[in-house]
Amino acid sequence: MGDHHHGPAKGLSRWLFTTNHKDIGTMYLWFSFAMFILGGSFAMIIRAELFQPGMQLVDPLFFNQMTTLHGLVMVFGAIMPSFVGLANWMIPMMIGAPDMALPRMNNWSFWILPPAFLLLASTLFMDGGAPAFGWTFYAPLSTTYAAPSVTIFIFCIHVLGISSIMGSINIIATVMNLRAPGMTYMKMPLFVWTWLITAFLLVAVMPVLAGAVTMMLMDIHFGTSFFSAAGGGDPVLFQHVFWFFGHPEVYIIILPAFGVVSQIIPAFSRKPLFGYDSMVYATASIAFLSFIVWAHHMYTVGMPIAGELFFMYATMLIAVPTGVKVFNWISTMWRGALTFETPMLFSLGFLVLFTIGGFTGLMLSIAPADFQYHDSYFVVAHFHYVMVAGAVFSMTAAVYYWLPKWCGRMYNETMGKTHFWISFIGFNLTFFPQHFVGLAGMPRRIPDYALQFADFNMMSSIGAFIYGSSQILFLYNVIATIVAGKPTSDEKVWDGAEGLEWTVPTPAPYHTFETPPKIDPSHAHS
């Protein structure tokens, strides 16, 4: 570290020891993209096997290892770290802070992630193979299947939780303590608000996940019976503990995405976000409600009817603040001077597809109907519409939107739009048919299926390979931008929209949006 005082550190040590929020944000983004490709390749194996009925490529155990690792890597390795990277890059700049509040902890939060995922991926090569119990790792399957990989998996979950908690404490401390003068809470950009609320969710529920995996560890190695009925425990207890983490977790995944589209839609509508205050309150309401709906994942375990009713009504209630958000985004675009550059396209894709995912979620909330949908491909279709079309589309929009700010170069707009359309078509081809096979009774996490599901599964697999290959185009565009993109100018960033500054109607005078600063006449000597 001797070179630390003589200009910036060179080479590897710059990245290893950095406390710079932009460097750390960049590392999170690249790491999460690598995990996105890894998790996506697991999904490609799943879809290749399901391309036609019968057992073609893999044995059932390996198929279940793929479903397990695909879920774990996508949730904890791709989606969450990508939004943490976005938070690191953007939050200090958005609130006028010099850096994150706890820069050295920030470095550690990131650097414990790559070893953890290396360890998790290495379970594929261990005796007994990788975990094969689904990303929700239900006990007693996960506790009686005593391959060494399960213990490794539990350790990895602990490390990911530590990283998330530290990252969240950092975001909370930064937003609460490092806002520039005049940057009051209700003036913060929506992205900062959604991440602040997300950080509180993470601090609240990651310890619950740690508790669940610790009880698993005790059941496996120390003779306890938390989840074993034979010893006086209860397998359903695992589901309650897991989903008390797991439901807020899906809002942890989607709230930063809401923040991103709340920045992008106003920018390409050329007018301020409609209903800022209601957006903040809606975000807080969603966060609160996310804690009291967890057992809607468990309608089929035989809970009392009063329990089913409570979780049903509470779940339906979440549709209200979510609807407020959707209407506010639409109202923002209403009569705006709209242009459809790549970030806007991905945000609109998000809006349409996330809303479909929201409606299927409302269907799943109805307890008696859920008995039919439960564990079918309908559920798979639902959560991919909110997690891929929701979180991943908005993350992609964010990269296109802020990449010119990050590296001072402009991406290729035509390639970006091409990426959007291939992604959009591939995504819908993959997941829309899954609603149909699910309603017709096709179970999830099974490597073979009845003949009547063949056509839709073939469509689904073709769509998956289309969507997957479109990400290579994205990667190429990003690298080409960083290496050789056209430098951005102050006058005009969006070079995909020729003559933009002449075609956009002049906005209303500023006083309709915000009060101009009062000028003290005694200082007005120019």
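Me: Helices here are DSSP runs of H or I with at least four residues, numbered from the N terminus. Where is the place of proline 140?
Reply: This is a predicted model. The peptide bond from alanine 139 to proline 140 is cis, with omega near 5°. Most peptide bonds are trans. Proline 140 has its place in the loop between α5 (113-122) and α6 (141-144).

Me: What is phi of aspartate 375 near?
Reply: Aspartate 375 lies in the loop between α13 (367-373) and α14 (377-407). Most residues other than glycine have a negative phi. Aspartate 375 is not glycine, yet its phi is positive, near 60°.

Me: Are α12 and α15 roughly parallel or roughly antiparallel to each other?
Reply: Two packed helices are described by the angle between their axes and the distance between the axes. Helix α12 (residues 342-365) and helix α15 (residues 413-439) have axes 9 Å apart, at an angle of about 10°. Angles under 35 degrees count as roughly parallel. Therefore α12 and α15 are roughly parallel.

Me: How many charged residues has the contact of α12 with α15?
Reply: Residues of α12, including Leu345 and Phe346, meet residues of α15, among them Glu413 and Lys417. Asp, Glu, Lys and Arg count as charged. By class, this contact of α12 with α15 has seven nonpolar residues, eight polar ones and, as charged residues, two.

Me: Which element gives the largest share of the nonpolar patch?
Reply: Ile305, Leu309, Tyr313, Met316, Phe359 and Leu362 form this surface patch, with about 600 Å² of accessible area together. Two elements give two or more residues to the patch: α11 (305-333) and α12. Isoleucine 305 is in helix α11. The largest share, four residues, comes from α11.

Technical notes
Residues numbered from 1 in each chain as written. Predicted model: local features only at pLDDT ≥ 70, side-chain atom pairs only at ≥ 80, totals over all residues. Heavy atoms only, no water. Axes fitted to C-alpha atoms, helices over the stretch in contact; angles between N-to-C directions. Parallel < 35°, antiparallel > 145°, perpendicular 65-115°, else oblique. Contact = heavy atoms within 4.5 Å. Patch = residues over 30% accessible without salt bridge, like charges linked within 9 Å, V, L, I, M, F, W, Y side chains within 5 Å. Areas by Shrake-Rupley, 256 points an atom, 1.4 Å probe, with all protein chains shown as cover. Salt bridge = Lys/Arg side-chain N within 4 Å of Asp/Glu carboxyl O.
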